[in-house]
Amino acid sequence: TKMKLVLSLAFFVLLALLNAQGAKEKLFQTAQCAGTLCPGGCCPHAGWYCCADNTHCSADAADCPSPCTGTMCPGGCCPHAGWYCCSDNTHCASTAGNCPSLATWEKLIKMADMKTEEQTM
């Protein structure tokens, strides 16, 4: 269980680092926008800047995400041009077959559990 905790913590730290690149928000589609109306949708904050990627807005231009030089996926920028956006919206891969599956994650967790059990014996 310690390994599960370490893997979970590492995952959330990585997500936090990826999202902590300044104050920015994802845009959303709506018929009425109480915030700033951007070309890509509604920014939930009035007076915010519409980022060039048409998927984010921020308090100012400096907080916008870096332009994507790879493949733009629903979950963000994949750093590799022409890669496939995986259905988990977290990963991208050279082909759909290379995307991680739930079965792969479950297998890794089981392996970590077995390793932890061996260490406690």
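Why is the disulfide of C78 and C92 right-handed?

Author: The torsion about its S-S bond is about 75°, so the disulfide of C78 and C92 is right-handed. C78 lies in strand β7 (residues 76-78) and C92 in strand β9 (residues 92-93), so the pair ties together parts 14 residues apart in sequence. Strands here are DSSP runs of E, at least two residues long, numbered from the N terminus. The sulfur atoms of C78 and C92 are 2.0 Å apart. A disulfide is a pair of cysteine sulfur atoms within 2.5 Å. By this rule the count comes to eight disulfides. C78 is buried, at 2% relative accessibility. Buried means under 20% relative accessible area, exposed over 50%, and partly exposed in between (1.4 Å probe, protein chains only).

A word on the basis. This is a predicted model, where local features need pLDDT of at least 70, side-chain atom pairs count only at pLDDT 80 or more, and totals for chains, interfaces and linings use all residues. Residues are numbered from 1 along each chain as its sequence is written, and side-chain values use heavy atoms, leaving out hydrogens and water.

Now another link. C43 and C57 form a disulfide, with sulfur atoms 2.0 Å apart. It links distant parts of the chain: C43 is in strand β3 (residues 41-43), C57 in strand β5 (residues 56-58). The link of C43 and C57 is right-handed, with 75° about the S-S bond. C43 is buried at 0%, and C57 is buried, also at 0%.

Next, C73 and C85. Their sulfur atoms are 1.9 Å apart. This link is left-handed, with -80° about the S-S bond. C73 is buried at 11%, whereas C85 is partly exposed at 24%.

Note on methods. Helix = DSSP H or I, 4+ residues; strand = E, 2+ residues; numbered from the N terminus.
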